[in-house]
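Student: I would like to go through the assignments in this model one by one, setting each value against its definition.

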Amino acid sequence: MNRRDLLLNEMNIPQWVLIKPQVLKGDAQIRLDKAVKLVVVCEENHQTSGLFSDILCALQLQPNQYQWLDAEQALRLFFEHHPIFWLIQSERQAVEIAKKFANQTAWQHRSWQDLTSVATKRQLWQQMAAFCQHFEDNYD
């Protein structure tokens with residue numbers, strides 16, 4: 001025993017050993033509730049925007065049926081069902097996330113500002129129409 005351990009022992013101060021120190025560093029898995037149908041991966045918070053509200057309405061999703069995460073959180077995600085992913089990330093980050101969730105990535109944009117373009121919005125709405133059927137088939 002070193003001097004510090006002896007002193008702590010004499011003062012009856014218990015010493016603790018962390019079993020999972022990685023949890024304190026943020027390496028813990030994030031469990032996704034089975035009710036979640038859509039996972040949005042975006043660094044900026046646009047959950048209260050009119051566009052996102054319209055998207056939730058079009059997909060007929062309630063607030064408890066989507067999860068908004070940043071890229072770091074998305075990489076720690078763990079789930080047992082098949083939600084779809086909407087990646088709003090830079091190309092480098094999107095590639096890493098898309099690899100992990102290859103079969104579940106529905107839409108991908110470089111930034112939220114890309115969605116200000118009329119053509120980009122139109123394309124998104126057209127792509128979403130196909131997933132409305134996906135939600136009805138897989139979650140009824």
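Student: Which residue in β5 is the bridge partner of valine 39, and what makes β2 and β5 a pair?

Tutor: In this predicted model, the partner of valine 39 in β5 is phenylalanine 85. Two strands pair if DSSP finds at least two bridges between them, and β2 and strand β5 (residues 84-88) are joined in the parallel sense by five bridges. Strands are DSSP runs (E, at least two residues) and helices likewise (H or I, at least four), numbered from the N terminus. Residues are numbered from 1 along each chain as its sequence is written, local features need pLDDT of at least 70, side-chain atom pairs count only at pLDDT 80 or more, and totals for chains, interfaces and linings use all residues. Side-chain values use heavy atoms, with hydrogens and water left out.

Student: Why is glutamine 89 called buried?

Tutor: Buried means under 20% relative accessible area, exposed over 50%, and partly exposed in between (1.4 Å probe, protein chains only). Glutamine 89, in the loop between β5 and α5 (91-100), has 2% relative accessibility and therefore counts as buried.

Student: What makes the approach of glutamine 89 to glutamate 43 a polar contact?

Tutor: The definition asks for a pair of N or O atoms within 3.5 Å, where within protein one must be able to donate a hydrogen and the other to accept it, and residues adjacent in sequence count only if both atoms are side-chain atoms. The side chains of glutamine 89 and glutamate 43 are joined at 3.4 Å.

Student: Why is the pair of phenylalanine 52 and tyrosine 66 called edge-to-face?

Tutor: Rings of Phe, Tyr and Trp (its six-membered ring) pair if their centres lie within 6.5 Å, and planes under 30 degrees apart count as stacked, over 60 as edge-to-face and the rest as tilted. For phenylalanine 52 and tyrosine 66 the centres are 5.0 Å apart and the planes at 75 degrees, so the pair is edge-to-face.

Student: And why is the pair of tryptophan 68 and tryptophan 112 called tilted?

Tutor: Their ring centres are 6.1 Å apart and their planes at 55 degrees, so this pair is tilted.
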